[in-house]
Amino acid sequence: MDLSAESFGVAPRRNMGMLEEMPLSLDPEDVIAEFEAMTRDAGRVQIETLKKILEENGRTEYLQRWGLDGRTDPESYKSCVPLVTHEDLEPYINRIVDGDDSSILTGNPITTISLSSGTTRGMPKFVPFNDELMESTMQIYKTSYSFRNREFPIGNGKCLQLIYGSRQFKTKGGLAAGTATTNVYRNPLFKRTMKAMHSPCCSPEEVIFGPDFHQSLYCHLLCGLIQREEVQVISSTFAHSIVFAFRTFEQDWEELCTDIREGVLSSRISVPSVRTAMSKLLKPNPELADLIHNKCQGLSNWYGLIPELFPNTRYIYGIMTGSMEPYLKKLRHYAGELPLLSADYGSSEGWIGVNVNPKLPPEMATFAVLPNIGYFEFIPLRQSLDGLEAKPVGLAEVKAGEEYEVIVTSFAGLYRYRLGDVVKVKGFHNSTPELQFICRRNLLLTINIDKNTEKDLQLAVEAAAKVLAENRLEVVDFTSRIDSSTEPGHYVIFWEISGEASDEVLEECCNCLDKSFLDAGYLSSRKVKAIGALELRIVKRGTFHKILDHYVGLGAAVSQFKTPRCVGPTNNKVLQILCNNVVKSYSSTAF
Ligand code: AMP
């Protein structure tokens, strides 16, 4: 068997114009066979992939600077080219953004820029996007679809895709810029691939790319309801969008029924292109309106809403891991008995792994690294004996059970780029690792010797939310910050909750939060009062919605939105939204 990178379609440079004309054929068994062959020899495919990347881009200003001199082997690469963060590459990327089309990071000029959601630091960051990234995105989609289709086959039908294109604009240098998801949705290959995967979107493009996401969301729901019998899959990029959509449905369902009954679109939809597109779909249908109305009235607290509305749904699909885990409970509530299938692992910078075990519950989802879409390295997180950061290892050298930070070298101009994610190797698919997403590497909460990550915060919130659940209430969303204006500093946790809770219950939640950070540094600091009492602040209903709107206003896409789980001291606007909406606040008495 030919195991060259070329035989696995490493960075095929094709004519996109021609591609648009060609029907796309997708045989899931062929896709799986190719994946199996490639992952059986993952180490070699990685070496070939690196060679291909360096051959294509060796003459760039960036790689020349590091003196590779045409060498393409991993050892030379690792000894010459340093590990970098986005900040290190910013000067290069900014020149591209400003219109310098010389070979800066890539051999072929970059014509499109992605805006990463940048939820952590409060500002979106620019990353290059190109055809190779688009093709690897489709490779990931097709591979996970093929594995999904074995377990949960779907026929001809539609997918209620709760997706939103963000504003696209031209940079100073004339490059098209939008979020990565928008760049993907706008590419003709996306629509063709969705069709080949029996998952065409229910909604017209005018809805996906509408300028007002609240209006687009309303229309997505309407399109889904009109085609309810055809809907086989409910999906979004990140699960937050699905939960957000059905929370909105709880508010808007009667208006949606009225629109269906009368065949007239609500006046809340004011964008002319969206109105025109929707009016082509909407016809008076009192029977359907009555049916939906009755179904909604028959539900208890909206449990099982999705299968009631869309009776032929086979599964719900989207990224449900990492910062999406806190939404799983609500998603399960809406989904009733329907399976939740967790989607793949990637970022605006590029894709990493594919979920080839779709039957696993989202909490256990893993991602098999695709060895031909980039060159991957992994920094072991277990401290080395000298206390220094350990040296990165290659994909073929990682060990099951260990945690690593992911380093990416891509076909789109990123070389040894620290993605900032922590993953754990759960096992192997053939010889490629299956990764579990753990968290962002950035420490979230730290005052002195304490170290708490996004995951630690999530676990503490989950523990304290149990107290709330005993009172039939839930945490709608949450975030945190360090308050160092007090002496000593302390953690502040913000909660939006689904209803009114008594002071007694919230005091108990606050104590439970404080006790649930199990990090030894935190515990010992709390005991000796080197860290002050944890504060729980309850914010008004709708506060996190305002935070979402704020990020969307900055150019972020709803499709890629992740609630920041810690708000940094410079993220003034979000801090202001939170602080202006606090209704109650409690201080822990746990220590
Ligand atoms: P963005 O650049 O906005 O697309 O965000 C990318 C980041 O989202 C990644 O670096 C991860 O931190 C997170 N992410 C992406 N896919 C997953 C996944 N399957 N599970 C958990 N987190 C993910």
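**Exercise 1. Describe the open sheet in this predicted model: which strands form it, and in what order?**

Step 1. Four strands make up the open sheet, and their order is S3-S6-S7-S8. The pairing is parallel.

Step 2. Find the edges. Strand S3 (158–161) and strand S8 (340–342) each pair on one side only. They are the edge strands.

Step 3. From one strand to the next it averages 25 degrees.

**Exercise 2. Work out how S3 is joined to strand S6.**

Step 1. Count the bridges. S3 and strand S6 (residues 231–238) run parallel and are joined by four bridges.

Step 2. Pick one residue. Leu160 has Ile234 in S6 as its bridge partner.

**Exercise 3. Characterise the second largest pocket: its volume and the residues closest to its centre.**

Step 1. Start with volume. The second largest pocket holds about 870 Å³ of space.

Step 2. Go to the centre. The lining has 33 residues, and Arg247, Lys330, Tyr334, Glu474 and Arg541 are the closest to the pocket centre.

Step 3. Sort the lining of this pocket by type. It has 12 nonpolar, 10 polar and 11 charged residues.

**Exercise 4. Trace the lining of the second largest pocket to its elements, then explain why the pocket lies between two domains.**

Step 1. List the contributors. At least two lining residues come from each of helix H11 (213–226), helix H12 (240–262), helix H16 (328–335), strand S17 (475–483) and helix H20 (543–553).

Step 2. Find the main one. H12 gives the most, with eight residues.

Step 3. Assign domains. Domain 1 (153–165 + 180–338) and domain 2 (444–587) both give residues to the lining, so the second largest pocket lies between them.

How values were computed: Residues numbered from 1 in each chain as written. Predicted model: local features only at pLDDT ≥ 70, side-chain atom pairs only at ≥ 80, totals over all residues. Heavy atoms only, no water. 1 Å grid on protein atoms, 1.4 Å probe; cavity = no way out; pocket = protein on both sides within 12 Å on 5 of 7 lines; lining within 4 Å. Points joined across faces, edges and corners; volume = space filled by probe spheres on them. Nonpolar A, V, L, I, M, F, W, Y, C, P; charged D, E, K, R; others polar. Domains from an automatic or database assignment. Pairing = 2+ DSSP bridges. Axes fitted to C-alpha atoms, helices over the stretch in contact; angles between N-to-C directions.
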